[in-house]
Amino acid sequence: MSSLVCAAFVAAPLPAHAFELFGIHLFGEREPAEEDLVIGDPQTYEIEFSVQETGDSDIEDTLQSASNLWGERDEPASGAAGLIAKARGDYRRLLATLYSEGRYGGTISILIDGREASDLAPDATLAEPASILVSVQPGPLFTFRQAEIINEAPPAQEANDVVDDPREDGYAPGEIARSGTILRAERLSVEAWRQQGHAKAEIAERRVEAAHDTDVIDARVTVDPGRRATYAPVVVQGTERIDPEWLAWMTGLQPGQEYDPDDLTRAGTRIARLDVFRAARFQEADVIDENGMLPITYIVQEREARRFGVGGTYSTVDGLGLETFWLHRNLFGRAERLRVEAKVAGIGETYKPDEFTYRVGASFVKPGVYTPDTDFSASLFGDREVLDAYTRTAVTATAGYSHLFTEELSGKLFANGGYARFEDDEFGERDFTTLGLSGRLAYDSRDDPADATRGVFLEGSLDPFYEFQYENFAARATAEARAYYGFGEDSPFVLAGRLKLGALVGPPISELPPDMLFFAGGGGSVRGYAYRNIGVPTAAGNVVGGRSLIEASLEARVRVTETIGLVGFVDAGYVGEESIPGFDEDIRIGVGAGLRYLTGLGPIRLDVAMPLDRRSGDPSVAIYVGIGQAF
């Protein structure tokens, strides 16, 4: 139930056909939209928009942004009837805008050829072009005299159930009485009860009274919390190949567990990661059953199980890379994913097939092992990697588990092993056979991993392993931090920084697999330098990997238009011979600028970089193309 008492809210010639306030249709028939009218000859018009001075420099721009007449002034209306309908719609849009600014005593007049638009019949004859004058007197600002919430939820006992206090959002005596503030207070009041298990909490009554003699608003919102609810068994609809009982378990909504809207959000995110559904949604029952349980139906529409794809990358340093894959995303009916892929890279840097880099193999992922947030993964790959520092021919295998502790915190633990043959100018041909573990822990609070404007990314890894040819034990550790800070509304300017540290303890460099040593340089490291060309220089003039690493990057990102962005950056990298950096080698720095074409899938990146300490094998200028920000 909603009650609204407002004496002479708007002393203006408004159409008497219909009225809405706070999003509620109070009485009368709704005006037809312009597109619902029969289109006649295009009707052009000239418009003047006048707003009485209020001391608020932004009010005119705000009102003009709300007006369709003003916003579409360069386009003819669909006949005279369409223009009149558009004008009548502007009464409501402008009125709602005044309320959203806390102005409840304004007047609005829209004259078409000298006649009030609310008095014109839809078939009225207009001049060509028609002359329109929109006049708005915003009136005084109203403040809250009373701002009450009846049946407010008790303080939350758990941090995850805390909801913003409406009073801190402006719903308090003395604050400007914006209509949006009242609506947000309602949403927060209902959400506070829902977070504490009251799934069907709703607004029972809304009472808003305006006192025009004192320019104040008395607002009272009454909440009906309803009964506390627990989950009934989830019912799944729409599956074709997916096991519905398994999918219900994957939601994590256990029968008898107290209702929490955050559970539904997490379940939706978890199942979206399976990438097996074209569409999926939860549908809550309208009422809680006699046992206090809320029936929930999960409705899905499956994707095609098989997929084939191709892709590519290019840089002036690394040449052209091509890849293809075949994917089955539901192998045994529980979203098991099998991916077979092949890659070739280095095309253009050389045209000799035996000098290309190749990769072929397969990976398997079984989600929902032990818990809905635990996956088992296994892979087998064969590689031939041709780099300036070495050539690697290898077969590697991995198997292990990954777990999502929270939406931000995740971890992995894998066993891995393999055989590799390395050829380089410094040590010649060597074989390595390794067996080890790989553990990773990551925290990610970025708002968008492909184009972050705020948040941090932290990752630590530890990879102990045993090498059988030289009978050595070693351990490799890395730590990386990325931070993002946006400035201004919608963050058109972003500062982004990255720092990565690495250390490898164990035998000397000559007895370690080169791919476990640290190198720097290239598009994901220090731009401007050749890929993995920053390492430890030897007496023979070669570059080998090191046992310590420091990388740092700083970017300034500016969004120029809705689709175009510019970036300036500086990267630095250091690779040391010992596990603890001694800074015997030089820190290598690259600088550059980039262009971003912003898409819904992330920015398309074009970077141009120059090394400040160019060495043998490094380009004078390097160009990189990819999808997503550099970090």
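Author: A residue is called buried when its relative accessible area is under 20%. The model discussed here is predicted.

Reader: Is Arg498 buried or exposed by this criterion?

Author: Arg498 has a relative accessibility of 7%, so this residue counts as buried.

Reader: In which strand is Arg498 found?

Author: Strand E26, covering residues 493-505, contains Arg498.

Reader: Which residues does Arg498 touch, leaving aside those up to four places away in sequence?

Author: The neighbours of Arg498 are Glu480, Ala481, Arg482, Gly524, Ser525, Glu551, Ala552, Ser553 and Phe631. With Glu551, the side chain of Arg498 makes a polar contact of 3.0 Å.

Reader: Let us turn to a sheet. What is the strand order in the open sheet of three strands?

Author: The order is E12-E15-E13, and the pairing is mixed. Strands E12 (235-237) and E13 (277-284) stand at the edges; each has a single partner strand, so one side of each lacks a neighbour in the sheet. On average, neighbouring strands of this sheet are turned by 20 degrees against each other, direction ignored.

Reader: In what sense do E13 and E15 pair, and over how many bridges?

Author: E13 pairs with strand E15 (residues 296-302) in the antiparallel sense, over seven bridges. Within these strands, Ala279 stands opposite Gln301 in E15.

Reader: Which helix packs on the sheet, and which strands does the helix touch?

Author: Helix H6, residues 261-272, packs on the sheet and touches both E13 and E15. The direction of H6 makes about 165 degrees with that of E13.

Note on methods. Residues numbered from 1 in each chain as written. Predicted model: local features only at pLDDT ≥ 70, side-chain atom pairs only at ≥ 80, totals over all residues. Heavy atoms only, no water. Helix = DSSP H or I, 4+ residues; strand = E, 2+ residues; numbered from the N terminus. Buried < 20%, exposed > 50% of the residue type's maximum accessible area, 1.4 Å probe, protein only. Polar contact = N/O pair within 3.5 Å; in protein donor to acceptor, adjacent residues only side chain to side chain. Contact = heavy atoms within 4.5 Å. Pairing = 2+ DSSP bridges. Axes fitted to C-alpha atoms, helices over the stretch in contact; angles between N-to-C directions.
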